[in-house]
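Please consult the sequence and the structure shown below while reading.

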Amino acid sequence: MLSAGPTPHIDTAEWEFSIVPESGEPRTWSWEQLMAEKIEEVTTDIHCVTHWTKLGTTWRGVSLDTLFADVETSQDYVMAHSYGGYTTNVPLDELLNGQAWIAFEFDGEPLDPEHGGPARLIVPHLYFWKSAKWVRSLVMMADDEPGFWEQSGYHIHGDPWKEERYW
Amino acid sequence: MSGASDTAWRVGTVVEAHPETPSARRIIIDVDGWPGNIAGQHLDVRLTAPDGYSATRSYSIASAGPGSRVDLAVDKLPDGEVSPFLVDDLMVGDMLEIHGPLGGWFVWEPDAAPDAAAERDGGGSVAASARPVQLIGGGSGVVPLVAMIRSHVAADDSTPFRLLYSVRTPDDVFFSDVLADDGGMPALRVDLIYTRRAPDGWPVTPARITREVVESSVFPASDNPRVYLCGSTTFVETVAEWLVDLGHDPRSIRTERFGGTS
Amino acid sequence: MTHLDGNSLAGVLSELFRFDPTTASARCAGCGAIDVLARAMVWEGTPGTVVRCASCDNVLATIVESDDKLWLNFSGITAVEVRR
């Protein structure tokens, strides 16, 4: 969870989300355009790096498979950028095939700003700091580079089953 | 004693615990090897669950001076991980892990030698004690200020002291015993602001603190007071802005915000 | 989420420094402002603590704590002044 800073309050009228491939030409969604995509309901466990696991959380959002469908890229790594300036890195093949969503509802309620609303990335199979709150763009990278917390002590990958918490 | 932080975790034993307000508890802890502390310093309390999960929280110390006993007043935050335990479950004789004394910034010492941070503090080479001291506290934010008052009284210090204290109701006043005693402390003036309910016969209708109240209660900027301001983030930011507006040098204002997660 | 003052860093940083660094002056790499760390803005939480410049909001430092280790990133500070 990227929560350490002022909480950004983003109106859905202002909100937009982009995927930026190596061509530099972003594919961008407004809030209405995101809502017009195929919305999925996801029930999953989430793993916090500070030892707790929350079982069976329910989210609604758009799969990254849907959002990447028209994006051409040959690069393998992604940097997620958030409103508020934080970043976190994830390999592309861990975001596709039903592994990640741009979520805007949690347990039946719209995501409030404290919990990353209006929309956050969720990547449930990785530690939850990878599930970037207030996500605004995914930028493709040729090589894996550490994001904000990964530069400062957290593991570059963050797999809970391997207990990849810290460097 | 110096302002330097101390790195050791020590064992503290609870020697007294009793209700301070309807939501807060006064806890006196005897800390093994405690080196004494300066007024305004804080300490960390670490609780460890049987599964190894530990949580650390900072608390201001309401006492000052040599001796191994520290006086805390802990307000219960209903969703907190640490404060509900300290307020509801901790018993006399229980042991706690204590780290401190901590912090050399939000502190006041009687009879101070020219302050270490004096040049950056708008004070030039004037000794800290030569400037009047304005304490401003909101709710449990009065705790470190109480230590400063006690330190001031214990040293029979002649620095003019004022406390402006904002609380919800008379029941919510922390350390009313210390504050009620100002008849014996000619160099201290206490102004209480009740925001929800005032005592019977109180001349002022309960209301939130205003810029006008601050202006009429605190030492004017022309007296060049050192200001210690402690409370919730909103309280601190609101009052600090008024002070700067009223001509106080921002470098003369020291703040301590309380988090909401304890 | 609200923030705290740099004062609150005294505990965790005492594990790294022999002096109290909250009274030390530091220069922000973002805007060049020089001020004591005690005046910085501190957000505590998961995954870690973020320290921001009170003048320009630039991230001065981060602190990540595990049960047995501590990581300090001071990359937003160009220099710290320490009294000898």
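In chain B, the centres of domain 1 and domain 2, taken over C-alpha atoms, are separated by 24 Å; domain bounds come from an automatic or database domain assignment. The model is predicted: local features need pLDDT of at least 70, side-chain atom pairs count only at pLDDT 80 or more, and totals for chains, interfaces and linings use all residues. Residues are numbered from 1 along each chain as its sequence is written, while chains are lettered from A and ligands numbered from 1 in the order in which they are written.

**Domains of chain B**

- The assignment places domain 1 at 9–102 and domain 2 at 118–258 of chain B.
- To their contact, domain 1 of chain B gives 14 residues and domain 2 of chain B gives 14 residues, where two residues are in contact if their C-beta atoms, placed from the backbone, lie within 7 Å.
- On the side of domain 1 of chain B that touches domain 2 of chain B, β1 (9–21) and β5 (69–75) are the elements that give two or more residues.
- That side of domain 1 of chain B comprises seven nonpolar, five polar and two charged residues (Ala, Val, Leu, Ile, Met, Phe, Trp, Tyr, Cys and Pro count as nonpolar, Asp, Glu, Lys and Arg as charged, and the others, Gly among them, as polar).

**Overall content of chain B**

- Chain B has five helices and 11 strands; helices (H or I, at least four residues) and strands (E, at least two) are DSSP runs, numbered from the N terminus.
- Of its 262 residues, 42% count as buried, that is, with 20 or more other C-beta atoms within 10 Å of their own; 12 or fewer makes a residue exposed, and values in between partly exposed, with C-beta atoms placed from the backbone.
- Of the contacts in chain B between residues at least 6 apart in sequence, 72% join residues at least 24 apart.

**A sheet in chain C**

- Three strands of chain C form an open sheet in the order β3-β2-β8, with antiparallel pairing; two strands pair if DSSP finds at least two bridges between them.
- β3 (34–36) and β8 (77–81) of chain C are the edge strands, each pairing on one side only.
- β2(C) and β3(C) pair in the antiparallel sense over three bridges, and S25(C) stands opposite V36(C) in β3(C).

**A loop residue of chain C**

- F19(C) lies in the loop between α1 (10–13) and β2 (25–28) of chain C.
- F19(C) is partly exposed because 17 other C-beta atoms lie within 10 Å.
- F19(C) and R83(C) are 64 residues apart in sequence, and their C-alpha atoms are 9.2 Å apart in space.
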